[in-house]
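The sequence and the structure come first.

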Amino acid sequence: MIDRRSFLRVSALAGATALSGTAFAAAGPRPADWSALGRGLDGKLIRPGDASYDNARRVFNSAFDSARPVGVAYCTTAADVSECLAFARRYGVPVTSRSGGHSYAGWSTGSGLVVDVSPMSGVSSSGGHATVGAGARLVDVYAKLAAHGVSIPAGSCPTVGVAGLTLGGGIGVVSRQYGLTCDALESLKVVTADGKVVTCSPSSHPDLYWASRGGGGGNFGVATSFTFRTHPTRSVTLFFLHWPWSKAAAVLKAWQAWAPAAPDAMWSNCHLDHDPSLDVMVGGLYLGGKTACENLLQKLVDRVGSGPSTRYVATSAYDHAMMVEAGCASMSVAQCHRPGTLPGQNARGKLVRDSFSAKSHFAYTPLSSAGIKALLARVAAPGRHTVMLDALGGAVARVRPDATAFPHRKALFSVQYYSHFSGAAAWARAAHAAMRPYFGDHAYVNYIDPELKNWRQQYYGANAARLARVKAAYDPGRLFRLPQGV
């Protein structure tokens, strides 16, 4: 027996092929072929002219609002993804995969067919494992796992899709204790370029499993679900310490010595802000009680040589702490979304999109006094921008650089240059160039940067050659063609 939906898929594609022939396939799909694709999907195909098209085509960064894909397919199953990839192969249509739509270079969209996995957003947990759909937003993953008293190591951006986060590595707020998001990944399901649905794990398609742990999204196939090892949650201690800008050099010098060497349970970041006024903040999360956290923070204060001008240290439930880190402390989970009715959005959402430019580095050695001076000078330049330093070390550093595709295991901290409003791109470019002599050429693929030179080495280091071999094995025809594709 063949069910009705399967029959429609087979009939629609067979009909399109019969009507088109080889000559038409070379010319691209006709409207009837797009209609056939839409009828063959369990999900929904949105095309230019449809009422929801303008909403469907937009990604998080409004700088890319000029992109007008020829179709956006909201896929509810792996079979839908296979259908879309077959269509793209048949007609030579460029294809882009999209989870949360947060690609810093705008590569979650394009002029071709966007394969959006947002409808595959289920989250379940049992026996120390969680299965998460590739389209799940991080705020929902945290909330749904919290109901089971567990979580996974992940980031702070609430609307980022779990797929992009995981495939690029996944630096997050408990990484020093539990590793990167990709370190907790036990297996994943991927639709490869030939339309096959494969399960990748250490014992099944191990090379693709390896590449999917830090090799970047959009390179090897379309991930549809992930199985993670979970960790139990408990109350934590949140902290935010602010110093006046006159103490910025002392704070940065002290933080870079203290943070990467702190106990694994202590994660922190250092924010150097000019948005709109100058400020230096050390914030973070401690997987333990307030007294022990205060004792560790005092060691930082002693290194700085003066106390902070404002200080907040308080215990919190784990799930609430994730909402605080997301900037959603006063919101419900439903409100901590982009507003809208399409998959991945929420009718009660209150978060707004942003227009920004960003670049990254990894610090493998502490900044010298000259490096600190150079960085603070860039932050003090006119504009509205932030430099965010996230502590690494701990569990991240105990994994070999070649054990996963993410190579930056020995870095002390990550660096993100983030600017919005007018002049954002120019400021980020200048800040990155000014700091290159001090940080070298190391970058985070999840902060993908279309202006990078020698980007393979910067993102992947010595792992680049193996990633190229995996790409050749699973996508020899290069169906997935990112401008910085492996």
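## Cysteines

Cys328 and Cys336 are both buried. The model is a predicted one, and in it these two residues form a disulfide with their sulfur atoms 2.1 Å apart. The torsion about the S-S bond of Cys328 and Cys336 is about 70°, so this disulfide is right-handed. Cys157, by contrast, is in no disulfide; its nearest cysteine sulfur belongs to Cys336 and lies 8.6 Å away. A disulfide requires two cysteine sulfur atoms within 2.5 Å, and by this rule the count comes to one disulfide.

Cys157 has a relative accessible area of 31% and is partly exposed. Cys182 is at 0% relative accessibility and counts as buried. The closest cysteine sulfur to that of Cys182 is in Cys200, at 14 Å, which is too far for a bond.

## Aromatic pairs

Over the whole structure, a search finds 16 aromatic pairs. One of them joins Phe362 and Phe406: the ring centres are 6.0 Å apart and the planes stand at 80°, so the pair is edge-to-face. The pair links distant parts of the chain, with Phe362 in strand β16 (residues 356-363) and Phe406 in the loop between β17 (384-391) and β18 (413-420), 44 residues apart. Both Phe362 and Phe406 are buried.

Phe362 also forms an edge-to-face aromatic pair with Tyr444, at 5.9 Å centre to centre and 70° between the planes. This pair again links distant parts of the chain: Phe362 is in strand β16, while Tyr444 is in the loop between α13 and α14, 82 residues apart. Phe362 has 0% relative accessibility and counts as buried; Tyr444, with a relative accessible area of 3%, is buried. Phe362, Phe406 and Tyr444 belong to one aromatic cluster that also takes in Phe60, Tyr104, Phe356, Tyr418 and Tyr447.

## Charge over a ring

Trp210 has the charged end of Arg466 over its ring, and the distance to the ring centre is 4.0 Å.

## Nonpolar cores

The largest nonpolar core is made up of 142 residues, and Leu113, Phe226 and Trp255 have the most contacts inside it. Helix α4 (residues 78-91) gives the most to this core, contributing seven residues. There is also a second, separate core of seven residues, among them Ala56, Val72, Val114 and Leu342.

## The annotated domain

An unreviewed UniProt entry lists residues 64-233 as "domain: FAD-binding PCMH-type". In the model, the end C-alpha atoms of residues 64-233 lie 38 Å apart. The span is 23% helix and 27% strand.

## Loop positions

Gly195 is placed in the loop between β8 (185-192) and β9. At 17% relative accessibility, Gly195 counts as buried, the cut-off for buried being under 20%. Gly195 and Leu85 are 110 residues apart in sequence, but their C-alpha atoms are 6.3 Å apart in space. With residues up to four places away in sequence not counted, Gly195 touches Ser82 and Arg89.

Ser201 is found in the loop between β9 (197-200) and α8 (206-211). Its relative accessibility is 11%, and Ser201 counts as buried. Apart from neighbours within four places in sequence, Ser201 is in contact with Glu186, Ser187, Pro206 and Tyr209.

Asp449 lies in the loop between α13 (424-439) and α14 (455-460). Asp449 has 3% relative accessibility and counts as buried. Lys359, Tyr459 and Gln484 are the residues that Asp449 touches, when those up to four places away in sequence are not counted.

How values were computed: Residues numbered from 1 in each chain as written. Predicted model: local features only at pLDDT ≥ 70, side-chain atom pairs only at ≥ 80, totals over all residues. Heavy atoms only, no water. Buried < 20%, exposed > 50% of the residue type's maximum accessible area, 1.4 Å probe, protein only. Helix = DSSP H or I, 4+ residues; strand = E, 2+ residues; numbered from the N terminus. Contact = heavy atoms within 4.5 Å. UniProt positions renumbered as here; feature names shortened; annotations may be inferred. Phe/Tyr/Trp six-rings, centres within 6.5 Å; stacked < 30°, edge-to-face > 60°. Lys NZ or Arg CZ within 6 Å of the ring centre and 35° of its normal. Core = buried A, V, L, I, M, F, W, Y, C linked by side-chain atoms within 4.5 Å.
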